[in-house]
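Me: I'd like to learn how to read a structure like this one. Could you take me through it feature by feature?

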Amino acid sequence: MSDSRPVTHEDIQALLGAYALDAVAPDEAELVARHLEVCPRCRAEVQEHREVAGLLGYAGQEAPAGLWDRITASMQEAPPALRLQRVGDDAFPSAPGSEGAAAPGRAAGGVAARPQGAGAGGPRGGARYQTLRVRALAALAVAAAVAVAVLGVQVARLDHRTSTISHEVSLGTPSMSAVTQALSVPGARKVILRPVADGQTVNAVILPGGQGYLYDAKLSALPSSQTYQLWGVTESGTVSYGLLGSTPAQVVGFRAGAGISALAITAEVAGGVERSTHAPVAAGAVPAV
Amino acid sequence: MTASLLDASDGALVVAIGRWREDALAEAYRRHAGAVFGLARRVLNDPTRAEEIVQEVFLRLWNEPDRFDPERGSLRSYLLAQTHGRAVDLLRSETSRRDREQREARSAAEAGYDIEHEVWDLAVADRVKEALATLPEDERQAIHLAYFGGHTYREVAALLNAPEGTVKSRIRVGLKRMRSELGDVGVGA
């Protein structure tokens, strides 16, 4: 698109094959992507090209043995600073791979037979509360793993890391109009904190400068001896972003640090804690900038 | 893993993943990880980075299952499109000029190579092979260099010493030709 004449539908169509193969320049990719938003026909064509590419791309290979274990390990083992262990619970699950969980990828290969081993690759153990814990771990660990992949930052086990403590900070309660305004700011990142066990999702928006708002925070009321606490998972550790109280306001302001990759909310003893030992009640990944 | 998961459609699996069913993610992995790994490795020519992409793609599916829309195509083509985009990003952002030149030389040297070998082990391999055989060599080359070489169509044009518009067209026409040859062969498991 280097010349100055207007871009026609035909110009876009001519790019669709190359676009589907990621073989266009960034400005062209953006142009096509914008067009696809409004043109179902071109969208369908790109999808067809991708289906064909998918057939070409499949070399009948299996994923390397052990890769699934590494994926689950990163889901279960690397919750950044929050040690998402229930109080009174025993240790973390034993080291990944030591239980000999079968890799589900072994049967990869088109129509190859499905493995008979029920539960292969599934969550280890069956106790319900462990499953809940696994979900909790996964929620943050996934976000962290994505951050590691994207940023190339090693997130070490944080037991040994001093997190920046600001748990005594009480958070402001801005109005919903501040949220509406924030959502319209270019570059604002929307975060959906999913409930880990049950309950409703909590939404958040983070402005490019770091100002953030939790909204639709319909968290069930805690006893007055407890408080909800907001956490940010960042490059340099998991940091308390402040206390939400036992009955959080509908809209809560906070300040997000640089390199934030996930938000989490835990229920803690009133006054908050420096480092949580509880599973989060909700957690969500922050999209990369 | 429950029998219902083994029989579940990809769409149903993704719904279960949205409910934090790790066994559903395991089943999606079983069905598609080989394809994801194979493509990433083919493009990057680096098994270690290919494994990183497999992890990234499946963790992303776990974290953001809503991004997959079953009405817009199969789970496999969705995962492979993500894989390809990510692999190409890595290639374009990290490859030094010198490596790039070497790779281009290698790609050019391989440009006459048939891509049939890429699909030998698929259940539909024969049909894909037949479809490939119907493509003129220049269309096959263009698709090969763009998809497996990670080149833009402009780079492909330079490599093949052909006009850019011609290369764009060869890629699109070749893919369409493949599509009509393949008829109802699906990409999904």
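Reply: Here is a short walk through the two chains, one feature at a time. This is a predicted model, where local features need pLDDT of at least 70, side-chain atom pairs count only at pLDDT 80 or more, and totals for chains, interfaces and linings use all residues. Residues are numbered from 1 along each chain as its sequence is written, while chains are lettered from A and ligands numbered from 1 in the order in which they are written.

Me: How many helices and strands are there in chain A?

Reply: Helices (H or I, at least four residues) and strands (E, at least two) are DSSP runs, numbered from the N terminus. Chain A has six helices and eight strands, and along the sequence they follow α-α-α-α-α-α-β-β-β-β-β-β-β-β. Chain B comes to ten helices and zero strands.

Me: What share of the residues of each chain counts as buried?

Reply: Count C-beta atoms, placed from the backbone: a residue is buried if 20 or more others lie within 10 Å of its own, exposed if 12 or fewer, and partly exposed in between. In chain A, 42% of the 289 residues count as buried. For chain B, the figure is 51% of 189 residues.

Me: And contacts? What part of them links residues 24 or more positions apart?

Reply: Two residues are in contact if their C-beta atoms, placed from the backbone, lie within 7 Å. Take the contacts with a separation of 6 or more: residues 24 or more positions apart account for 68% of them in chain A and 64% in chain B.

Me: Which residues touch the most other members of the largest nonpolar core?

Reply: In soluble globular proteins, nonpolar side chains tend to be buried together. A nonpolar core here is a set of buried Ala, Val, Leu, Ile, Met, Phe, Trp, Tyr and Cys residues joined through C-beta atoms within 7 Å. The largest has 71 residues, and B:Val36, B:Ala40, B:Val54, B:Phe58, B:Ala146 and B:Ile171 touch the most other members. Helix H3 (residues 22-44) of chain B gives the most to this core, with 13 residues. There's a second, separate core of 34 residues, which includes A:Val179, A:Ile206, A:Tyr215 and A:Ile265.

Me: What is B:Ala40 in contact with, beyond its neighbours within four places in sequence?

Reply: Leaving those neighbours aside, B:Ala40 is in contact with B:Ala50, B:Ile53, B:Val54, B:Thr83 and B:Ala87.

Me: Now the strands. Which way do E4(A) and E7(A) run, parallel or antiparallel?

Reply: Two strands pair if DSSP finds at least two bridges between them. Strand E4 (residues 226-234) of chain A and strand E7 (residues 262-269) of chain A run antiparallel, joined by eight bridges. One pair to look for is A:Trp231 with its bridge partner A:Ala264 in E7(A). E4(A) is mostly covered, with eight of its nine residues buried.

Me: Which strands does E3(A) pair with?

Reply: Strand E2 (residues 202-206) of chain A pairs with E3(A) in the antiparallel sense over four bridges, and A:Asn203 stands opposite A:Tyr215 in E3(A). Five bridges join E3(A) to strand E6 (residues 251-255) of chain A, again antiparallel. There, A:Tyr213 has A:Gly253 in E6(A) as its bridge partner. Four of the five residues of E3(A) (residues 211-215) are buried.

Me: Where do the two chains meet, and at what angle do H1(A) and H10(B) cross?

Reply: Axes are lines fitted to C-alpha atoms, for helices over the stretch in contact, and angles run from 0 to 180 degrees between N-to-C directions. The axes of H1(A) and H10(B) come within 8 Å and cross at roughly 75 degrees. That makes H1(A) roughly perpendicular to H10(B), a label for angles of 65 to 115 degrees (under 35 is roughly parallel, over 145 roughly antiparallel, the rest oblique). A:Ala14, A:Leu15, A:Leu16, A:Gly17 and A:Ala18 in H1(A) meet B:Lys168, B:Ser169, B:Ile171, B:Arg172 and B:Leu175 in H10(B).

Me: Last one: where is A:Asp22, and is it buried or exposed?

Reply: A:Asp22 is in the loop between H1 and helix H2 (26-38) of chain A. A:Asp22 counts as buried, with 23 C-beta neighbours inside 10 Å. Its phi is positive, about 55 degrees, although A:Asp22 is not a glycine.
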